[in-house]
Amino acid sequence: SSSLSGGDARGSLCREWSTTDVADSIRGCGANFESYADKAHSDGIDGRYLSSYGAAATLDDLGVKNNVHRKKLLLLLEDIAKSQEDAAKDSISSERLPLPPRL
């Protein structure tokens, strides 16, 4: 399985992540995050959900009230979004044809 904080999922699009990928990534934040991971999995929060509703709304849906937990999970989800943007940029730039050499 993959982790939001590293591993195979970093280069893949968040939208493709399963509920297990999301839950495992949240679990990666530590033992205090286990209940959020369980809720994400049981509520069916997957990558498509995260992409559609955003980090703040997802944290509200998970019932994350502790400010430290919210901040840590927001950083995690923002890091995911950035890695997704970077992967998309890499994909676009690799599809462009090289410029012809100047004469």
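**Reading a helical chain**

Author: Let us start with a local detail of this predicted model: just after α2, Gly 44 takes a positive phi of about 80°.

Reader: How many helices and strands does the protein chain have?

Author: The protein chain has 4 helices and 0 strands, and from the N terminus on its elements run α-α-α-α.

Reader: How should I read the buried residues of a helix, and which ones are buried in α2?

Author: The general idea is that an α-helix has 3.6 residues a turn, so residues three or four places apart point the same way. In α2, the buried residues are Tyr 36, Ala 37 and Ala 40. They lie on the same side of α2, because they cover an arc of only 100° around the axis.

Reader: Which residues touch the most other members of the largest nonpolar core?

Author: In soluble globular proteins, nonpolar side chains tend to be buried together. Here the largest nonpolar core has 19 residues, and Val 22, Ile 26 and Leu 73 touch the most other members. The elements that give two or more residues to this core are α1 (19-27), α2 (34-42), α3 (47-62) and α4 (67-95), with the largest share, 4 residues, coming from α4.

Reader: What does Val 22 touch, leaving aside residues up to four places away in sequence?

Author: With those set aside, Val 22 touches Trp 17, Ala 40, Ile 45, Asp 46, Gly 47 and Leu 50; among these, Ala 40 is one of the buried residues of α2.

Reader: What share of the protein chain counts as buried?

Author: Of its 103 residues, 33% count as buried, while the accessible surface comes to about 6,600 Å², of which 52% belongs to carbon and sulfur atoms.

Note on methods. Residues numbered from 1 in each chain as written. Predicted model: local features only at pLDDT ≥ 70, side-chain atom pairs only at ≥ 80, totals over all residues. Heavy atoms only, no water. Core = buried A, V, L, I, M, F, W, Y, C linked by side-chain atoms within 4.5 Å. Buried < 20%, exposed > 50% of the residue type's maximum accessible area, 1.4 Å probe, protein only. Contact = heavy atoms within 4.5 Å. Areas by Shrake-Rupley, 256 points an atom, 1.4 Å probe, with all protein chains shown as cover. Arc of directions from axis to C-beta.
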